[in-house]
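The following report is intended for a reader who is meeting this structure for the first time. Please keep the sequence and the model in view while reading.

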Amino acid sequence: MVVGKKINRVDAVTKADGTAKYTEDLLDDKCLVAKVLHSTIANGKVLSFDLEEAKKVPGVVKIITSFDVPDIQYPTAGHPWSTEKAHQDVCDRKLLNTRVRFYGDEIAAVIADDEIAADHARDLIKVEYEEYPAIFDMEESVNNPGDVPIHEEKPNNVIVKSNYEVLDYDEAVKEPGLIKVTGVYETQKVQQCHIENASSFAYKEAGKVVVVSATQIPHIVRRVCSQALGCDMGKVRIIKPYLGGGFGNRQDALTEPLNAFLTLQVGGRPVKLMYTREETFFGTRSRHAMKFYITSYVRPNGTFAAREIVAYSDNGAYGSHAHALVANAVNAFRMMYPVGAIKGVAYTVYTNNPTAGAMRAYGIPQIGFALEAHVDDIIAKLPNDDAISFRKKNMMQLGYVDPGTTITCHSTGLSECIDKGREAIGWDEKIEKYKNQTGDVRHGVGMGIFCYKTGVYPIALETSACRMILNQDGSIQLQVGATEIGQGADTVFSQMAAETLSIPFENVHILSQQDTDVTPYDTGAYGSRQTYVTGMAVRKTAESLKNKICDYAAWMLNKDRIDLDLVDNHIVRVGTNDVLISLKEVAMEACYSRTNSNHIAAEETHHCSDNTYSFGVCFADIEVDIPLCQIKVNRIINVHDSGTIINPQTAEGQVHGGMSMGLGYGLLEKMLFDPKTGRMLNSNLLDYKLMTAIDTPDLEVAFVEPKDPSGPYGNKSLGEPPVIPVAPALRNAVYNATGVAIDSIPLNPEKLFQEFTDAGLIK
Amino acid sequence: MYDFNNIYQPKTIEEALKMKSEHPEALILAGGSDILIQVRDGKLAGCDVINIQPLNELRGICVEDNGSILIRPLTSFSHITKNPIIEKFLPALGFAVDQIGGPQIRNIGTIGGNICNGVTSADSASTLKAYDAVLEIASVDGIRLLPYADFSKGPGKVDLKGNEILTGIRVPKESYENTYGEYMKYSVRRAMDIATLGCSVNVRLTDDKKSIDRVRIAYGVAGPTPMRVPTAEKLGNGKVITEQLITDIAEAALTDVKPRTSWRASKEFRMQLIKELCKRSLRTSIKKAGGTI
């Protein structure tokens, strides 16, 4: 068995010894440098550019402005393209934009021999604008859109408004004796903060434009570039080398389309477009800030009778992933506690803030905070329920079929996750111990649960292809379009291939780079889909390859195919398991046979038409220093049901990363903007408070492993989910410690100061 | 790529002073942890620098004949923290500079650079203020001594003329003898962060340890420059130690400070920290000095 084993990452050594090549490591010495000029107003129009001084800077090769780009509006979201027009992504940006929609919009680009010349020339470009009033608040944007819409296609600034209703809400609230609980919950805009900034370089070769880029979605980026340039897809080639993190930001076309265009403006000479940290902050994507109005009607016995949500999502200046995130959020509002009548309305809104896009768990950390905070607010008003009993009574059960999406609960270990976490943190004793505290420093415990889909079916296409090639020594080449972005995908794919083929793990050689001219199709790393969807493609391809190997062995050995199998790297007789010949001998013969050479390879597509839910819980035990407005996390544990864990070692690492991101989300991180201009104030890692190692408590991780019947190896999603339950667990722990229920994050010192002052804890 | 215009490389202090008098607009490059960031930002793009980094004469710590502790300005933060003289006589300073940035920054950043930058959040500044440090400033015309109290001229502005270089930081014996101090840095993160507020307190108790003989309190980020709080100090000097006294001193500190609201923190929150950090630093200093509350 290789699946289920702790195995070191396949890329561990090459990343540790520095031989792994990232985008910047592959640069041509003669690469030109492009620098983007960003707008210094948040809403308006460029009237003219004065390039005279900029052009005089020695080393400047060419300056391209928003007046020079094709009149094509293209989409950027990393979604599989829909061939139905109604489901296609929003096409609302050009390569450079004359109509400026946020402070930092891309309006011109300088191409120069080196960075200093490019920077210098960019600073010398003079821009004349016509300025419109900017709108930074999402509700204001809907209620008061102003005379000039942010995009003329959406005169009300609403990209999409959607709604649903399960059962009859108005009827359900009439039930006598219900307890009504309302709350307004807000989550902030944060950034993915992958270590490697947005970076690419592009050149022309053999009539094609080639873009080398740190992307999660090479095949999608190829399509987006072809749309942006107005050329055929076959004329674009995307190469994805090793990559320094993505977390959803690179589930979008970022610098690639413009970079492809720029190389074509200088005769195909290589041009690099590497964003700085500052530009990556405001000029790429971020997590949507959302605001939720929730009303619940609960029976005194602790069950939901009815529940309603109105959700707003701040999409910023451009469409990107648009409504998909808040739709995901209000769907999870329904799925998490599918009890009683449920009604949801969601708005995705343009504002003059930087664009939001995909980020780890795609709308669910937002609703996870709001809903789990709301649940604790409900419990406070119930006579006979506690945090655990109420959740267990109302949460999703095995066999649930979601009425909105048809996604079915094929397996659940959520109840066991809660029990395991409760025991580990010492929940019951601590609830007792932390009652009736006084003094400056107080302790509290809190929890939050979640459910999460696995991949994007049936909302979008789920498809994946895989290729395997048998080497002469019996090892295989494994190629997938699914991407390794640090999460460990290549390692688990290799385990899956070794498992199904029954060959040693080290005999699987996976190609970590994707090249759209060579690599099988896959939509890429997002939605925690790859171990599930690509996993099925790997399994199917391994079965196919195994079949071909056995076919060949049958010819070699002059036996019936039906009597042979590949087990433990050898061809064996079915039934007795007698070893007949090694795989290596079969592979050598297949390659070099003078009478029947056969270069054995397999390639399969898996079209995925299923989905399933993963689950989990976070328990936190904290202390709050009230006068200093500081939270110290003493213990924190995530317990996950992600079905069968393919690799416990990398899975644990994945949970650590997610918890760290959840801690930052709950406690510290927030993108800040100048309220007058919309300029980002903290676009660097000093002022943007990403947690450091020393700020991070010990992260405890446990798994519950019900085998999921729909997963290729019993597995379900794990990549994104660990981030979800952390922030609400922390919020609920602060509530438990201090009696102060805080309805927005981050719970940073300034926020705590306000809240504790309002509550009379600080005088 | 860093956008420098000229880099001058002196071999001795004399050469550095000569270069500085010839190029008064050139910036002194010590550790570089502030200047390089500003060059990258574009604020100092195209500047001239005099790189004194290799001048070992400007590095190190000693006790002079009169008992003064002399810290040369190029001494790195990590060397200050681990220096036996600092550990023995000025541990509060060693602790304060250990709160700066992360290990790499503390290896390259220098105490001279920290105070010549003139920013209110400099972690070494409040402690040096609280210990009445005296600066040695040199030029081709000679050396002048200046109380650090008079050095700050405003945010990012210090009393250094175009031809001058900081060559020494002294803490007199009378200032540290029988004196126990505590620095508290309040920042959102515990590393790699800038102070929301810094508070450095030191006390000398009476022989019976019952009263405060001398208390000195200095803050960073409580105003445009690192500052002392004379009203609070005056109130504490000579008083019997009680919890009430500590509260009174902290309250009095509020009358001396001038924090402002910025997007990093509100004035109200800083006032809360000024009071609370003062109390906690005072209590710790008193305990270190052998007193009880």
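In this predicted model, four strands of chain A make up an open sheet, arranged in the order β19-β18-β17-β24, and their pairing is mixed. The edges of the sheet are formed by β19 (508-510) and β24 (601-607) of chain A, each of which pairs on one side only. From one strand to the next, the twist averages 20°.

Within this sheet, strand β17 of chain A, which covers residues 463-470, pairs with β24(A) in the antiparallel sense, and the pairing extends over 7 bridges. A:Arg467 stands opposite A:Glu603, a residue of β24(A).

The overall dimensions of chain A are as follows. Its C-alpha atoms fill a box of roughly 90 × 75 × 50 Å, taken along the principal axes. A compact globule of 763 residues would have a radius of gyration near 27 Å, and chain A, at 27 Å, therefore agrees with that expectation. Of the 763 residues in chain A, 57% are buried. Among contacts in chain A that link residues at least 6 apart in sequence, 80% join residues at least 24 apart.

One residue of another strand may be examined individually. A:Arg237 lies in strand β11 of chain A, which spans residues 236-240. Is A:Arg237 buried or exposed? A:Arg237 counts as buried because 22 other C-beta atoms lie within 10 Å, where the cut-off for a buried residue is 20 or more. Leaving aside residues up to four places away in sequence, A:Arg237 touches A:Lys208, A:Val210, A:Asp515, A:Thr516 and A:Asp517. The C-alpha atoms of A:Arg237 and A:Ala260 are separated by 10.0 Å, and these two residues are 23 apart along the chain.

Chain B is divided into three domains, with the bounds listed below.

| Domain of chain B | Residues |
|---|---|
| Domain 1 | 4-51 |
| Domain 2 | 59-174 |
| Domain 3 | 178-288 |

The C-alpha centres of domain 1 and domain 3 of chain B lie 36 Å apart.

The two chains also meet: 15 residues of chain B are in contact with 20 residues of chain A. On the side of chain B that touches chain A, 8 residues are nonpolar, 3 are polar and 4 are charged.

Key
Residues are numbered from 1 along each chain as its sequence is written. Chains are lettered from A and ligands numbered from 1 in the order in which they are written. This is a predicted model: local features need pLDDT of at least 70, side-chain atom pairs count only at pLDDT 80 or more; totals for chains, interfaces and linings use all residues. Two residues are in contact if their C-beta atoms, placed from the backbone, lie within 7 Å. Ala, Val, Leu, Ile, Met, Phe, Trp, Tyr, Cys and Pro count as nonpolar, Asp, Glu, Lys and Arg as charged, and the others, Gly among them, as polar. Two strands pair if DSSP finds at least two bridges between them. Helices (H or I, at least four residues) and strands (E, at least two) are DSSP runs, numbered from the N terminus. Axes are lines fitted to C-alpha atoms, for helices over the stretch in contact, and angles run from 0 to 180 degrees between N-to-C directions. The radius of gyration is taken over C-alpha atoms; the globule rule is 2.2 Å times the number of residues to the power 0.38. A residue is buried if 20 or more other C-beta atoms lie within 10 Å of its own, exposed if 12 or fewer, and partly exposed in between; C-beta atoms are placed from the backbone. Domain bounds come from an automatic or database domain assignment.
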